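Have the structure open and follow along.

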Amino acid sequence: MNDRPRVDIVLGVLREPSGHVWAEIRPDGAHLAGALAFPGGKRHQGESRRDALRRELVEECGVQVLRARRLMQVAWDYPDRRLHLVAFEVTRWRGEPRGQEGQRIERRLLSPATRLEWLAAMPPANRGLVNALVLPRCMAITRPARRGESAGEWTDQVKARLADLPAAVAVNLRPGGEISLSAGEWSDLVRTVSRAGHWPIVNPAGDSALPDGLPAGAGVHLNHLRLLRANRATVEAWQQEGRPVTAAVHDRVTLEHANDLAVDLATISPVRPTATHPEAAGMGWPAFAELAARARMPVLALGGLSMRDLPRAWRRGGHGIASISAFW
C-alpha cells in the first residue's frame, strides 16, 4: 500500500465575490458517494496542473476557468488509494456551473458562520481546504506581559490595539507567565476581540489550553507541550463547540501530530531568528516549504517576519504569516 505512487487530483473551488461556493454531491456508486465535494479529478500524464484544472471543470461543470490561484495541497491516504490533492480557488469563469456527469451541483455560502456545516459535509481530506477558504491569513500574537504589568494593564493595551489591526486576523492571546487572567477577564477579552471583527485564540500559560467559561467560538492554541499531550477526542470536542484549534509546529514530529489531531490551523516556526527566541536558529524558507507540503491544514509562517513576507509564504505553500512585532 505505502509503495503505491500518489495520484495527482486537481480540485477547483468556484467562489463568487459574495462568498458563495459551487460544490457537487458525489453520485451514488462513486468514491465517497453522498458527500459534498469540490469538482475536479485526476491529472493526466504530461498535463500541467492548471491545464488539468481547466479540462476537469469543463468536463464536470461546463465552465471555462478565467482566473485561478493555487489554494493549498494535501497528501491523503485512503485504504485503497494514495492521493495528492492540489486545490485552486477559481474567482472568474465563463458559463453557469451544471453537472455534466449526472452529479448534482449546488451553490452554498461558505463563511465563518457556515464553516462547521461545510466541515461536517466534506470528506476529511477536504477539511484543510475549507479552513483555507475561511480562516484568516494573518495571526497577530500578543506580546507577553512585562514584569510588573498587571492583568488589567495588559488586557487594556491589547484592546486598544485591536482597531489598528488588519481586518479579520486571528488574535493569539498570549499573556505569558508574568500574569494570570481570571475567567471573567478571559471572557471579556475574547468578546472584545470578536466584536472588533477578529478571531480570538486563547493561549494561556501552563498546561490548560482552555480557561473555564469561555464563550463559544473562542479558539484554542496548542503550544509545543500541549500539542504533544493532546488527543484527538479532546480536539474534536473543542471543534464541535465551534472552537478553531491552532497548533505550534516546529519540525516533522510536531507536524505529524498536528495532522493526526486534525487541527484547523498551524504555525510553522521559526522561519528566521526572533527577538523573543534569539537562541533558536531559523529553519529558512526551504525547510518551511517542506513542512508546508506535508501539512493537512493551512499553515502560517512564523519567526522574524513582517507583512512584506506574505508573498514569500504564499509561494512556498503557506496560508499566510504569524507575528508579534508586525502587529504589536
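## Helix α7 and its two sides

Let's start on the outside of α7: the face turned away from its buried side carries A233 and Q240, both exposed. Keep in mind throughout that this is a predicted model. The helix itself runs over residues 232-240, and its buried residues are V235, W238 and Q239. Looking down the axis of α7, you'd see these buried residues fall within an arc of 100°, so they line one face of the helix.

Now move along to α9, where the buried residues are W285, F288, L291 and A292. They cover an arc of only 125° around the axis, which puts them on the same side of α9. Among the elements covering the buried residues of α9 are α8 (252-261), β13 (265-268), β14 (299-302) and α10 (310-315).

Two of these residues also make a ring pair. The ring centres of W285 and F288 are 5.5 Å apart and the planes sit at 85°, so this pair is edge-to-face. Both residues belong to α9 (residues 284-294) and are 3 residues apart, about one turn of the helix. W285 counts as buried because its relative accessibility is 11%, under the 20% cut-off. F288 is buried too, with a relative accessible area of 0%.

## Other rings worth a look

A search of the whole structure turns up 2 aromatic pairs.

## The nonpolar cores

Which residues have the most contacts inside the largest nonpolar core? That core has 51 residues, and the ones with the most contacts inside it are L173, L222, W238, V263, F288, M297 and V299. If you want to trace the neighbours of L222, leave out residues up to four places away in sequence; what L222 touches then includes A209, L227, A230, V235, W238, V245 and V263. Apart from this core lies another one, of 37 residues, with L83, V134, I141 and L302 among them.

## Salt bridges

The count of salt bridges comes to 26. As a general point, side chains of opposite charge can pair when their charged atoms come close. Take E24 and R26, which form a salt bridge with the closest N and O atoms 3.5 Å apart. E24 is buried at a relative accessible area of 3%, while R26 counts as partly exposed at 22% relative accessibility.

R55 and E56 also meet in a salt bridge, at 3.1 Å from N to O. E56 counts as buried at 7% relative accessibility, and R55 is buried as well, with a relative accessible area of 17%. Then there's D77 with R82, whose closest N and O atoms are 3.5 Å apart. D77 is partly exposed at a relative accessible area of 32%, whereas R82 is buried at 15%. Some salt bridges share partners, and these join E47, R55, E56 and E59 into one network.

Where is the cis peptide bond? The cis bond joins S269 and P270, with omega at about -10°. P270 lies in the loop between β13 and α9.

Two alanines deserve a glance as well. A168 has a positive phi, near 50°, in a residue other than glycine. You'll find A168 in the loop between α4 (151-162) and β9 (170-173), and at 38% relative accessibility A168 counts as partly exposed. A262 isn't a glycine either, yet has a positive phi of about 60°; look for A262 in the loop between α8 and β13.

Methods:
Residues are numbered from 1 along each chain as its sequence is written. This is a predicted model: local features need pLDDT of at least 70, side-chain atom pairs count only at pLDDT 80 or more; totals for chains, interfaces and linings use all residues. Side-chain values use heavy atoms; hydrogens and water are left out. Rings of Phe, Tyr and Trp (its six-membered ring) pair if their centres lie within 6.5 Å; planes under 30 degrees apart count as stacked, over 60 as edge-to-face and the rest as tilted. Helices (H or I, at least four residues) and strands (E, at least two) are DSSP runs, numbered from the N terminus. Buried means under 20% relative accessible area, exposed over 50%, partly exposed in between (1.4 Å probe, protein chains only). A nonpolar core is a set of buried Ala, Val, Leu, Ile, Met, Phe, Trp, Tyr and Cys residues joined through side-chain atoms within 4.5 Å. Contact means heavy atoms within 4.5 Å. The arc is that of the directions from the helix axis to the C-beta atoms. A salt bridge is a side-chain nitrogen of Lys or Arg within 4 Å of a carboxyl oxygen of Asp or Glu.
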